[in-house]
Structure formats: structure tokens, C-alpha cells
Amino acid sequence: MRVMFVDDEPQVLKGITRMLDCADVMWDVETATSGPEALEVLQKEPVDVLVVDMKMPGMDGAELLAEVSQRYPQTVRIILSGQASKESVYRAVAPMHQYLAKPCETDVLRTTISRACALRAHLEKTTSQAFLGRISLLPSIPSLYQQVVAETESEQGTAARVGEIVARDPAMTAKILQLVNSAIFGLRSTVTSVAHAVSIIGTDTLNSLVLSLQAFQAFAGIRVPGFSMDVFASHCVRVGTIARTIAASERLGKILVDEAFSAGLLHDIGKLILASNAPEDFSAALRTAETSGIPLVEAERKLFGLGHDGIGGYLLALWGIPQTVVESVTFHHSFQQCGGRSLDTPAIVCVANFLANEENGIVSAEDTRLCEALLSELRLPDRLDVWRNAIRGENK
């Protein structure tokens with residue numbers, strides 16, 4: 001594995017290489033003292049991971065990452081920086097995958113890079129790696145995007161109201177959770193609640209992200225036959241709502257209830273990734289699923305090597321989204337992967353997706369059997385009817 005560190009201070013680079021030598025990592029480490037020097041090295045041989053400082057003369061970290069994201073999209077891009085201006089940090093939100101703060105503990109740096117490379121290796125035998133590495137933005141629903149713009153520009157706009165709007169849009173939710181869980185805000189715990197994330201970021205910062213820095217974008221109108229943005233968003237919100245109802249009925253506490261909603265909202269984010277970044281291939285998967293009578297996720301695996309579950313989980317993990325949310329996205333079609341433990345967020349989302357599909361009459365006998373087997377393994381064999389009743393009660 002090749003890792004490059006870029007920092008305009010040679011002593012910092014020496015310190016990093018000494019730290020990694022002591023940690024006994026088996027990496028081929030390259031260093032560069034400027035953006036142009038890094039690009040020269042990359043032109044000869046790309047690296048697996050690029051770790052850059054933000055504040056550098058000439059080409060700063062944000063500019064370097066933006067350039068690398070275009071030339072070498074398969075490279076994992078990480079900011080490792082001390083104090084930097086908000087403007088420069090927010091410019092890096094789009095091209096970066098993760099943001100770490102100086103000084104960074106050896107274990108944190110090693111774990112972050114190792115996990116990113118493990119994910120990258122997982123994709124090496126699929127057709128997904130290059131286009132996933134290039135993704136920095138996901139399209140938002142135009143009406144919700146405009147509502148966020150209006151709310152952040154309004155003198156009467158509030159973080160609570162913005163949070164309500166964002167919580168109906170999977171793309172904006174994913175980007176905000178990426179941002180708030182980075183080292184930019186210096187939080188000591190992970191955040192999985194959309195409302196909490198928006199309250200931390202604040203409306204002023206959101207205004208900069210939405211408008212001048214364009215960290216979000218409205219859906220560009222990409223047309224994929226068989227895929228509706230409105231239907232997609234409605235299903236995501238429905239799964240999030242059902243997941244929240246299940247968690248609340250089991251009295252799992254506010255943090256887990258909020259987490260269940262966020263994970264449910266994001267569970268199908270892989271479909272949005274495919275629709276907006278590989279529309280022709282996604283359209284082919286939709287046609288294959290329809291003509292062959294197989295689930296869409298199976299058709300995707302045949303074409304891409306991964307389904308929308310794995311693709312969505314990969315991107316969110318690369319962005320540093322909390323692990324429980326990543327697992328929920330990755331396993332929402334895999335009842336077998338959610339067993340053997342207590343009722344946690346991945347299991348809740350898996351069941352919530354089943355119940356949402358059941359409402360629309362699109363579950364198979366095998367889906368029902370697997371769902372019931374999961375609940376039996378979790379020692380909750382009687383809960384499906386309990387949760388169905390709770391959902392009906394909220395719908396009234």
C-alpha cells in the first residue's frame with residue numbers, strides 16, 4: 001500500500017515517518033513539501049492514500065485534493081491539518097474523504113488509513129472503485145434544496161427548521177453527517193442525529209456550504225427509466241420513520257432512536273450514487289431486474305460486483321460516517337448479517353426496510369422467512385405484529 005503525506009514543513013514530515021516507523025506499519029510512504037511536487041510524484045505512480053496539510057503556500061490542501069479527485073479518483077483523500085481558516089476548510093469539504101486534526105494520535109491515523117485501504121481493496125475486483133472515488137457530492141431533491149437555501153438565507157431561519165428539511169433528504173443528510181463527524185468540529189463522540197448535526201453546524205455555516213461553497217447540489221435532472229427521485233426519497237423517509245418507531249417502541253433511548261432514523265433514511269443511498277454517477281449502468285441493472293424477475297440488488301451485483309447496499313456502505317465509510325450507520329446501509333438486504341446480537345440499528349433498519357416493502361406488497365415468501373428467522377435469533381419472535389401495530393398507530 002502506497003501512502004503519501006504532503007506538508008510544507010519538512011520537520012512535520014520527518015515526525016510522521018518516524019511515528020509510522022515506530023508503529024511498524026507495512027506501508028510504502030512517500031512525502032512531498034508542496035502540491036505541485038505531490039502532483040509530479042503522482043504522475044509517475046499514483047498512491048492509494050493521500051494525506052495533506054491544509055495550510056500550504058501556493059497550492060493549499062483543498063486545491064490539491066480537488067486536482068487529485070479529478071486526475072486520480074481512486075485515491076483516498078484525507079486532510080491532516082492544524083488550525084486553518086473556516087473558508088479553506090469548507091472548500092475541502094467536497095474533495096476530501098475525511099478530515100483529521102493535528103496533532104493526531106498514531107492509532108487514529110493508522111486506523112483511519114487502514115480502514116480506508118481495506119475498503120478500497122474490497123472494491124479492486126469490481127467496476128465501482130474509480131467512479132466511487134470521484135464522488136464528492138450527491139444530488140438533493142430540488143424542492144428540499146430550495147427550502148434549505150431559503151431557510152438559511154432568512155433572518156428568521158432556525159437550525160431546528162433546517163434540520164427538519166434536511167432530515168427528508170438522504171443526500172444532504174449524508175454530507176452533513178460527514179462534516180460534523182470530521183475533526184473540523186472537534187467533537188469527542190460521533191453524531192448520528194440529523195437534527196443534532198445541524199444544530200452543531202449552525203445556519204451560518206450551512207448557508208456557506210449550500211451557497212458559496214456548493215457542498216450540496218440540486219438534482220440535475222438525470223433521467224434513469226424506472227428510477228424516480230420522489231419515490232426514492234419517499235421510501236427512504238418511510239424506512240427511517242419505521243426504524244424510529246421500532247426503536248422507540250423498544251424503548252432504546254433517544255440517541256438510538258435518532259440513529260435508527262438517520263440510518264433508515266440513508267439505507268438506499270447507493271441507488272442515488274448509481275443513478276447520479278452511472279445512469280446508463282444503473283438503467284441496465286433496473287432492466288435486468290425487471291426482465292429476469294430478480295431483486296435489483298442481485299442485478300447490480302452481476303453488473304458492478306456490488307449492489308447498492310455495498311456501494312452505499314463503502315462511500316459512507318470512506319466519508320467517515322459512524323460505523324453503525326455504515327453497517328445499517330451495508331446489511332439492509334442481509335438478514336443473516338444482522339443476527340447473533342441484540343436488536344441494534346443495523347437489525348432495526350433491515351426489518352424496517354422489510355416492513356416498508358411489505359406495505360407496498362413487494363416482499364417475497366423468502367424475505368418473510370428470513371425476517372422471522374432474524375427476529376427468532378434475536379429472541380424477539382413476536383415483535384413483527386407489535387411493530388406493525390405501532391406503525392399503524394402512528395399513521396392514524
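These exercises work through aromatic contacts and a sheet in a predicted model.

**Exercise 1. How are the rings of F227 and F282 arranged, and how many aromatic pairs are there?**

Solution. 
- Start with the terms. A pair of aromatic rings is described by the distance of the centres and the angle of the planes.
- Take the count. There are three aromatic pairs, with centres within 6.5 Å as the cut-off.
- Now the geometry. The ring centres of F227 and F282 are 5.7 Å apart, and the planes stand at 70°, so this pair is edge-to-face.
- Place the residues. F227 is in the loop between strand 7 (217-218) and helix 12 (229-249), while F282 is in helix 15 (residues 279-292).
- Check burial. Both F227 and F282 are buried.
- Widen the view. F227 and F282 form one aromatic cluster with F232.

**Exercise 2. Classify the pair F335 and F354, then decide: are these residues buried or exposed?**

Solution. 
- Apply the angle rule. Planes over 60 degrees apart count as edge-to-face. The planes of F335 and F354 stand at 75°, with centres 6.3 Å apart, so the pair is edge-to-face.
- Locate the partners. F335 lies in the loop between helix 18 (323-330) and helix 19 (345-359). F354 belongs to helix 19, 19 residues apart from F335.
- Apply the burial rule. Buried means under 20% relative accessible area. F335 has 7%, so F335 is buried. F354 has 3%, so F354 is buried.

**Exercise 3. What sits over the ring of W319?**

Solution. 
- Find the charge. The charged end of K175 sits over this ring.
- Read the distance. The charged end is 4.3 Å from the centre of the W319 ring.

**Exercise 4. What is the strand order of the open sheet, and which strands are at its edges?**

Solution. 
- Strands of a sheet pair through backbone hydrogen bonds, either parallel or antiparallel.
- Read the order. The five strands run 2-1-3-4-5, with parallel pairing.
- Find the edges. Strand 2 (28-32) and strand 5 (98-101) each pair on one side only.
- Neighbouring strands are turned by 20° against each other on average, direction ignored.
- Look at one pairing. Strand 1 (residues 2-6) and strand 3 (residues 49-52) are joined by four bridges. Within strand 3, V51 is the bridge partner of F5.
- Helix 3 (residues 61-71) touches strand 1, strand 3 and strand 4, at about 165° to strand 3. Helix 1 (residues 10-22) lies across strand 1, strand 2 and strand 4 (76-81), at about 170° to strand 2.

Technical notes:
Residues numbered from 1 in each chain as written. Predicted model: local features only at pLDDT ≥ 70, side-chain atom pairs only at ≥ 80, totals over all residues. Heavy atoms only, no water. Phe/Tyr/Trp six-rings, centres within 6.5 Å; stacked < 30°, edge-to-face > 60°. Helix = DSSP H or I, 4+ residues; strand = E, 2+ residues; numbered from the N terminus. Buried < 20%, exposed > 50% of the residue type's maximum accessible area, 1.4 Å probe, protein only. Lys NZ or Arg CZ within 6 Å of the ring centre and 35° of its normal. Pairing = 2+ DSSP bridges. Axes fitted to C-alpha atoms, helices over the stretch in contact; angles between N-to-C directions. Contact = heavy atoms within 4.5 Å.
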